[in-house]
Amino acid sequence: VILEPESPLDYRPGQFVNFVREDGLVRSFSLASVPALDDALEFHVALVPGGQMSGWLHHEVKSGAELELQGPLGHCFYTGEHPEQPLFLLGTGTGLAPLYGILRDALQQGHQGPIHLFHGALRVDDLYLVRELQQLASENDQFSYHPCVRDEGGEDEVHHGDVQTHALDTVGNLKGWKVFLCGNPELVRQVQRKTFMAGASMQDI
């Protein structure tokens, strides 16, 4: 979903805003856009079965419609204070949205340390922005993109299995790393514990 705000929104990539519909329905969505790179605001909205806001956005809303925004909110963003610090980004589904913003923001600011982005989905067809992320990886030696799906398939460049297990096996010791986790709340809680056990400081998760 691409929105053009009536007045500039002072935000950091990875933060979220509330969408407020005319009837008062409110839902939160993370920003995938980067102020220094994008003129409009970008959001990734999955169609949730029975979802009032997602169903409206997918099937009913037309270009030119107006929507009230509240925010930005949240503290999940790249600060640029430690450009040499390794970054561990893991998300599932549209949890990729804030990570996509954080990644591009870090690269735009000249981040020097290694960046690993792991994106988990049920099926290969559920992965998205694959070409864009592969292109960023080819253009930036410090960035590695790791798509991961739970089902079996024939994609050579996609890992098949559990994304959190694959991520932790790939990176290993996370002492000194900055960790960003987005997506399914239960998975986020699990990976938060596991990245802490792998050496990441709780204040860096």
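Modeller: Let's start with a definition: a residue is buried under 20% relative accessible area, exposed over 50% and partly exposed in between, using a 1.4 Å probe and protein chains only. Methionine 197, with a relative accessible area of 69%, is therefore exposed. This is a predicted model, in which local features need pLDDT of at least 70 and side-chain atom pairs count only at pLDDT 80 or more, while totals for chains, interfaces and linings use all residues. Residues are numbered from 1 along each chain as its sequence is written, and side-chain values use heavy atoms, leaving out hydrogens and water.

Colleague: Where is the place of methionine 197?

Modeller: Methionine 197 belongs to helix H5, residues 185-197. Helices (H or I, at least four residues) and strands (E, at least two) are DSSP runs, numbered from the N terminus.

Colleague: How do I read aromatic pairs, and how many does the structure hold?

Modeller: A pair of aromatic rings is described by the distance of the centres and the angle of the planes. Rings of Phe, Tyr and Trp (its six-membered ring) pair if their centres lie within 6.5 Å; planes under 30 degrees apart are stacked, over 60 edge-to-face, and the rest tilted. The structure holds 3 such pairs. The planes of phenylalanine 19 and phenylalanine 29 stand at 50°, with the ring centres 4.7 Å apart, so this pair is tilted. It links distant parts of the chain, 10 residues apart: phenylalanine 19 in strand S2 (residues 16-20) and phenylalanine 29 in strand S3 (residues 26-30). Both phenylalanine 19 and phenylalanine 29 are buried.

Colleague: What about phenylalanine 88 and phenylalanine 118?

Modeller: Their ring centres are 5.5 Å apart and their planes at 40°, so that pair is tilted. It joins distant parts of the chain, 30 residues apart, with phenylalanine 88 in strand S6 (residues 87-92) and phenylalanine 118 in strand S7 (residues 115-121). Phenylalanine 88 and phenylalanine 118 are both buried. Back at phenylalanine 19, one aromatic cluster is formed by Phe19, Phe29 and Phe43.

Colleague: In which sense do S2 and S3 pair?

Modeller: Two strands pair if DSSP finds at least two bridges between them. S2 and S3 are antiparallel, over 5 bridges, and valine 20 stands opposite valine 26 in S3. Their hairpin has 5 residues between the strands, and there glycine 24 takes a positive phi near 95°. S2 also pairs in the antiparallel sense with strand S5 (residues 68-73), over 4 bridges, where phenylalanine 19 stands opposite leucine 69.

Colleague: How many of the residues of S2 are buried?

Modeller: S2 is mostly covered, with 4 of its 5 residues buried.
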